[in-house]
Amino acid sequence: MTTTFPEGFLWGGATAANQLEGAYDAEGKGPSIQDVMPHGIMTPPTDEPTPDNLKHEGIDHFHRYAEDIALFAELGFTVYRFSIAWSRIFPNGDEETPNEAGLAFYDRLLDELDKYGIEPLVTISHYETPLHLAKTYDGWVDRRLIGFYERYARTLFERFGKRVTYWLTFNEINSVLHAPLMSGGIWTPKAELSEADLYQAIHHELVASASATKIAHEVDPAIKVGCMVIAMPTYPLTPNPADVLAVMNADHANLAFSDVHVRGAYPGYFLRTLRDKGIVLDITDADRELLKNTVDFVSFSYYMSLCEAAEGGEVGQGNILGGKRNPTLPESEWGWQIDPVGLRIVLNQFWDRWQKPLFIVENGLGAKDELVEVDGELTVVDDYRIAYLNDHLVQVREAIADGVDVLGYTWWGPIDVVSASTAQLSKRYGFIYVDRNDDGSGTLQRYRKKSFGWYRDMIASNGATLKQ
């Protein structure tokens with residue numbers, strides 16, 4: 001028997017402000033950490049914004065949002081996940097009052113979504129801590145960032161809370177273990193950052209996230225707040241119990257963040273990690289009370305699975321969480337292993353663990369697309385993307401049949417954007433091709449890829465067109 005997606009399942013796409021908006025210094029916006037990361041997360045930051053940063057212009061969504069949202073509506077989106085640029089609202093991050101021009105931009109964007117009946121899903125902080133907070137306070141290492149974030153979050157809830165039901169506090173919060181600058185705004189170089197400071201920063205982010213959840217529910221009880229993590233199903237490289245134990249330890253490192261968000265306290269295995277490392281966190285009684293403000297749903301990104309082993313095994317490529325390469329799986333052009341079944345596995349794992357509604361807010365395939373002429377129109381024949389999407393959505397459907405409560409699915413990203421990991425335009429994910437190249441050349445013209453029509457028809461059928 002073929003199962004179907006539930007009525008009201010939310011279909012759409014996901015983006016991030018720093019990867020598509022551009023206008024990096026327009027209308028009072030301050031610099032963010034992304035403005036000093038012109039080559040992605042794998043290279044050290046510069047001291048100041050540099051002219052070769054593709055993210056400065058992005059794909060000019062700041063000026064073309066109406067055109068882009070019209071294309072999303074043509075796709076049939078019922079939800080669109082986007083992020084608000086913190087430094088567009090508070091240019092330095094620690095001001096007392098917000099930048100009205102920044103708030104007005106997102107009012108206009110929400111007006112456009114409302115015109116087409118598209119539900120907004122908003123990420124409050126998506127890898128772009130204001131640069132001033134990073135350089136002056138060392139990012140989330142400093143407890144004062146909790147207060148700055150609370151002011152920022154309250155500003156958003158009070159301004160947009162009647163228009164936005166679904167909110168995410170931090171993007172891929174568990175990535176801070178591996179990318180402390182991008183994820184935690186921590187200016188101290190990773191090689192010099194002490195584990196004590198890193199875990200203290202993690203604590204501050206978790207408290208801020210819980211506090212934002214509390215504020216949201218006070219502003220409007222109808223608001224739904226979720227956490228957002230990298231989902232990384234992990235398999236033992238062999239049946240050796242030592243490899244299975246290595247998987248358990250890797251899972252614990254990733255799942256601790258959601259355990260706190262959902263359960264409202266630190267799990268025992270996390271406390272043991274701190275003891276084993278000799279770390280004593282500064283945790284106040286007020287912190288413990290705030291952590292009890294748990295999320296309404298759990299959202300996650302899913303791109304790949306990995307293996308773990310006590311020893312041996314080839315290190316996986318292109319994965320910031322490390323892990324071992326699975327010899328049974330194919331890989332993308334960037335070495336990301338393709339595992340549709342892993343999505344069903346992680347959906348079941350998360351549902352069994354937390355019994356909270358789940359939202360797949362990132363899943364996608366980066367590839368080097370080629371613009372060609374077909375029937376007199378420029379397009380991309382991206383059958384590889386269609387196959388990837390079909391196979392992953394089949395597994396989502398299977399998870400729903402397993403009894404998992406899935407709210408929706410937003411593909412990353414529906415339109416080509418600058419890559420977060422490599423700062424390239426040539427690593428394309430979209431159903432919409434943007435004429436811009438890694439050297440910054442191009443017209444920024446938008447073109448529908450073959451996958452555009454496929455996704456549009458799949459949404460219109462609520463998944464009935466999927467091929468098993």
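Mentor: Let's begin where two helices meet: His61, Phe62, Tyr65, Ala66 and Ile69 of α2 touch Phe105, Arg108, Leu109, Glu112 and Leu113 of α4. By class, this contact of α2 with α4 holds 7 nonpolar, 1 polar and 2 charged residues. Keep in mind that the model is predicted.

Trainee: What can be said about the axes of helix α6 and helix α8?

Mentor: The axes of α6 (residues 144–160) and α8 (residues 195–219) come within 9 Å and cross at roughly 30 degrees. The crossing in which α6 passes α8 is right-handed.

Trainee: Which residues of α6 and α8 make the contact?

Mentor: From α6 come Ile146, Tyr149, Glu150, Ala153, Arg154, Phe157 and Glu158. From α8 come His204, Val207, Ala208, Ser211, Ala212, Ile215, Ala216, Glu218 and Val219. Sorted by class, the contact of α6 with α8 has 10 nonpolar, 2 polar and 4 charged residues.

Trainee: Where is Trp140 found?

Mentor: Trp140 sits in the loop between α5 (131–137) and α6. Leaving out residues up to four places away in sequence, the residues Trp140 touches include Leu145, Ile146 and Tyr149, along with His204 and Ala208. Also among them are Trp86, Phe170, Gly184 and Ile186.

Trainee: How do you know whether Trp140 is buried or exposed?

Mentor: Compare its value with the cut-off. Buried means under 20% relative accessible area, and Trp140 has 0%, so Trp140 is buried.

Trainee: What about Ile432: buried or exposed?

Mentor: Ile432 has a relative accessible area of 0%, and the cut-off for buried is under 20%, so Ile432 is buried. Ile432 is found in strand β13 (residues 432–434). Its contacts, apart from neighbours within four places in sequence, include Leu71, Phe72, Pro414, Ile415, Tyr447 and Phe452. Ile432 and Val406 are 26 residues apart in sequence, and their C-alpha atoms are 26 Å apart in space.

Trainee: Now the strands. Which strands make up the closed barrel?

Mentor: The closed barrel has 8 strands, in the order β1-β2-β3-β4-β5-β7-β9-β12, with parallel pairing. From one strand to the next, the twist averages 25 degrees. Helix α4 (residues 100–115) touches β2 (79–83) and β3 (119–125), and its direction makes about 170 degrees with that of β2. Helix α9 (residues 241–263) touches β4 (166–170), β5 and β7, and its direction makes about 165 degrees with that of β5.

Trainee: What makes β9 a partner of both β7 and β12?

Mentor: Count the bridges again. Strand β7 (residues 297–301) is joined to β9 by 4 bridges, and β9 is joined to β12 (residues 406–412) by 3. Both counts meet the requirement of at least two bridges. Phe359 of β9 stands opposite Ser299, and its bridge partner in β12 is Gly408.

Trainee: Why is β7 called largely enclosed?

Mentor: 5 of the 5 residues of β7 are buried, so the rest of the structure largely encloses this strand. Phe297, Ser299 and Ser301 point one way from β7, Val298 and Phe300 point the other way, and all are buried. In a regular strand, side chains alternate between the two faces of the sheet.

Trainee: And what is the case for β9?

Mentor: In β9 (residues 358–362), 5 of the 5 residues are buried, so β9 is likewise largely enclosed by the rest of the structure.

Notes: Residues are numbered from 1 along each chain as its sequence is written. This is a predicted model: local features need pLDDT of at least 70, side-chain atom pairs count only at pLDDT 80 or more; totals for chains, interfaces and linings use all residues. Side-chain values use heavy atoms; hydrogens and water are left out. Axes are lines fitted to C-alpha atoms, for helices over the stretch in contact, and angles run from 0 to 180 degrees between N-to-C directions. A crossing is left-handed if the near helix is turned anticlockwise from the far one by less than a right angle, and right-handed if clockwise. Contact means heavy atoms within 4.5 Å. Ala, Val, Leu, Ile, Met, Phe, Trp, Tyr, Cys and Pro count as nonpolar, Asp, Glu, Lys and Arg as charged, and the others, Gly among them, as polar. Buried means under 20% relative accessible area, exposed over 50%, partly exposed in between (1.4 Å probe, protein chains only).
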